[in-house]
2 protein chains.
Amino acid sequence: MKKPEVPDFLKNIRVVLARPSHPGNIGSAARAMKTMGLSRLYLVEPKTFPSPEADTLASGAVDLLQHAVVVNTLAEALSDVTVACALTSRRRELTTPLSTPRQTTPELVARARDGEQVALVFGNETFGLSIDEVEQCNRLVTIPGNPEYFSLNLAMAVQVMTYELFSHTGVDVDYLRAEAESATRDEVEGFCGHLDQTLADIGYYERRNGERLMRRLRTLFNRAHLLREEIDILRGFLKQVQRVAHRDDGRRQQ
Amino acid sequence: MKKPEVPDFLKNIRVVLARPSHPGNIGSAARAMKTMGLSRLYLVEPKTFPSPEADTLASGAVDLLQHAVVVNTLAEALSDVTVACALTSRRRELTTPLSTPRQTTPELVARARDGEQVALVFGNETFGLSIDEVEQCNRLVTIPGNPEYFSLNLAMAVQVMTYELFSHTGVDVDYLRAEAESATRDEVEGFCGHLDQTLADIGYYERRNGERLMRRLRTLFNRAHLLREEIDILRGFLKQVQRVAHRDDGRRQQ
């Protein structure tokens, strides 16, 4: 199966880091974005940028840092944006709608597909987003988590939010599945018949409720979603059991 | 609204790090776990543990490191486990079922709720899980992402997987919502009537299709999900407009 492609509309979704203090976090955020198919990074007043530390932590995502747009105000980063999501974990006395990444993402994906520009806005590591920054956004997004210890760092928050976005693109992991042919109902039944015969051949049913036992075994093998290849292996095993059993019969008859 | 509690059954879900090389990753993984309400960490043959670097990166999650169970083999970490998920991003020639975190999680949550022990197994930072380690698990889990750059680091993978788990616990972010009372249909209608009257008062409808304009405005205000408080502000504004308009009328009549 061919590797799927990253959908083109993800270009319409940018990550905006407002006043990040630690260059390492900028690098880690770039790496997190790229793993989830995003490429456009905006930096509002970064304390230190560019920096070797950011490059190191970006790993294979240095290209995102090279193309990052550095601006002086959040307003500049959002000028052509229609939906800006403020990522926040604090209770805010604001009536902007608050939702989780999972609730928000379908709308973001739909708008990006339609060609609108969408922004995910993350605040400073220590102070988060200021009230002024939040008011420039039209959505509040809160990642659900442990109410007693909500200490997601900046790059982790970027990772979770972009993972959520990517999971709504429809690009799945099928291409990583091993190719394996499921057995058909007839093949499973053929195997169960063979098993039944073998159990009879070796005298396993003596003094036992054979019908009930076979029903249990049939349920087990139906649940297991047998593959064609596994049936071949199991039937080879049964054949060998029958061969040994019949050799025994021969000996006894001698 | 009261803070919700972390559900007790999350105690039945452990994170197992197999042969982690970098103590910093152990600390970051512990922090990621705690943000998502998990507490039980197993370490199989960690290269360096305990270590000050792990403690630093764990931040407020040092308690997880203090209670971490260090074992020599993956088998020990899994002995009482019924479902062990191997987190992997490589194509494997294995017929173990492969699924995404979102597909797998409902089953994991259901089993943990029933008291079964569940494990999330993560491999070494460089080599991932060995074939032998994967074979000790009964699920393969792959985080979906950019097929051309899938470079999620260890702690990021722990964060995404535990976020996915937490999102299925039903603990939401409602307690962070600002308290705000939505306006009822009657209140919105009352405001629209006031607006209509005001527009008439100030002569805005002259030479315009008033009915059509009012329909557009009504649609806008219905879509906006007005709050009671916002209606109060808007009606205060309309009253002032009417006052000014009538003062004008008065002047003209003088």
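Analyst: Let us begin with a term: two strands are said to pair if DSSP finds at least two bridges between them. Keep in mind throughout that this is a predicted model.

User: Over how many bridges do β1(A) and β2(A) pair, and in what sense?

Analyst: A pair of strands needs at least two bridges, and β1(A) and β2(A) meet that condition with a pairing in the parallel sense. The number of bridges between β1(A) and β2(A) is 5, and the sense is parallel.

User: Why is strand β2 of chain A called largely enclosed by the rest of the structure?

Analyst: A residue is buried when its relative accessible area is under 20%. Strand β2 of chain A covers residues 40-44, and it is largely enclosed because, of its 5 residues, the number that are buried is 4.

User: In what order do the strands of the open sheet in chain A stand?

Analyst: The sheet has 7 strands, and the pairing is parallel. At its edges stand β3 (69-71) and β5 (98-99) of chain A, each with a single partner strand, so one side of each has no neighbour in the sheet. Further in, β1 (residues 13-18) is joined to β6 (residues 118-122) by 5 bridges, with A:Val121 as the bridge partner of A:Val16. Read across, the order is β3-β2-β1-β6-β4-β7-β5.

User: About what angle does the direction of helix α7 of chain A make with that of β6(A)?

Analyst: Helix α7 of chain A, which comprises residues 154-167, packs on the sheet and touches β1, β4, β6 and β7 of chain A. Its direction, compared with that of β6(A), makes an angle of about 155°.

User: Which residue of chain A comes closest to the rotation axis?

Analyst: Chain A is superposed on chain B by a rotation of 180° with 0.1 Å of shift along the axis, at an RMSD of 0.1 Å. The two copies are thus related as by a two-fold rotation axis. Judged by its C-alpha, which lies at 2.9 Å from that axis, the closest residue of chain A is A:Val160.

User: Are the rings of A:Tyr163 and B:Tyr163 stacked, tilted or edge-to-face?

Analyst: The ring centres of A:Tyr163 and B:Tyr163 are 6.3 Å apart and their planes stand at 90°. A:Tyr163 lies in helix α7 of chain A and B:Tyr163 in helix α7 of chain B, so the pair joins two chains. Both count as buried, A:Tyr163 at 1% relative accessibility and B:Tyr163 at 1% as well. Since planes over 60 degrees apart fall in that class, the pair is edge-to-face.

User: Over the ring of which residue does the charged end of A:Lys34 sit?

Analyst: This is a contact of a charge with a ring in the other chain, and the charged end of A:Lys34 lies 4.8 Å from the ring centre. In the counterpart, B:Lys34 sits over the ring of A:Tyr149, 4.9 Å from its centre. For A:Lys34, the ring is that of B:Tyr149.

User: Is A:Pro144 buried or exposed?

Analyst: A:Pro144 has its place in the loop between β7 and α7 of chain A. Its contacts reach into both chains, including A:Thr100, A:Phe150, B:Met36 and B:Tyr163, and A:Thr100 is 44 residues away in sequence but 6.7 Å away in space, C-alpha to C-alpha. With a relative accessibility of 7%, A:Pro144 counts as buried.

Methods: Residues are numbered from 1 along each chain as its sequence is written. Chains are lettered from A and ligands numbered from 1 in the order in which they are written. This is a predicted model: local features need pLDDT of at least 70, side-chain atom pairs count only at pLDDT 80 or more; totals for chains, interfaces and linings use all residues. Side-chain values use heavy atoms; hydrogens and water are left out. Contact means heavy atoms within 4.5 Å. Axes are lines fitted to C-alpha atoms, for helices over the stretch in contact, and angles run from 0 to 180 degrees between N-to-C directions. Copies are superposed by least squares on the C-alpha atoms of residues with pLDDT of at least 70 in both. Rings of Phe, Tyr and Trp (its six-membered ring) pair if their centres lie within 6.5 Å; planes under 30 degrees apart count as stacked, over 60 as edge-to-face and the rest as tilted. Buried means under 20% relative accessible area, exposed over 50%, partly exposed in between (1.4 Å probe, protein chains only). A charge sits over a ring if NZ of Lys or CZ of Arg is within 6 Å of the ring centre and within 35 degrees of the ring normal. Lists of a residue's contacts leave out its neighbours within four places in sequence.
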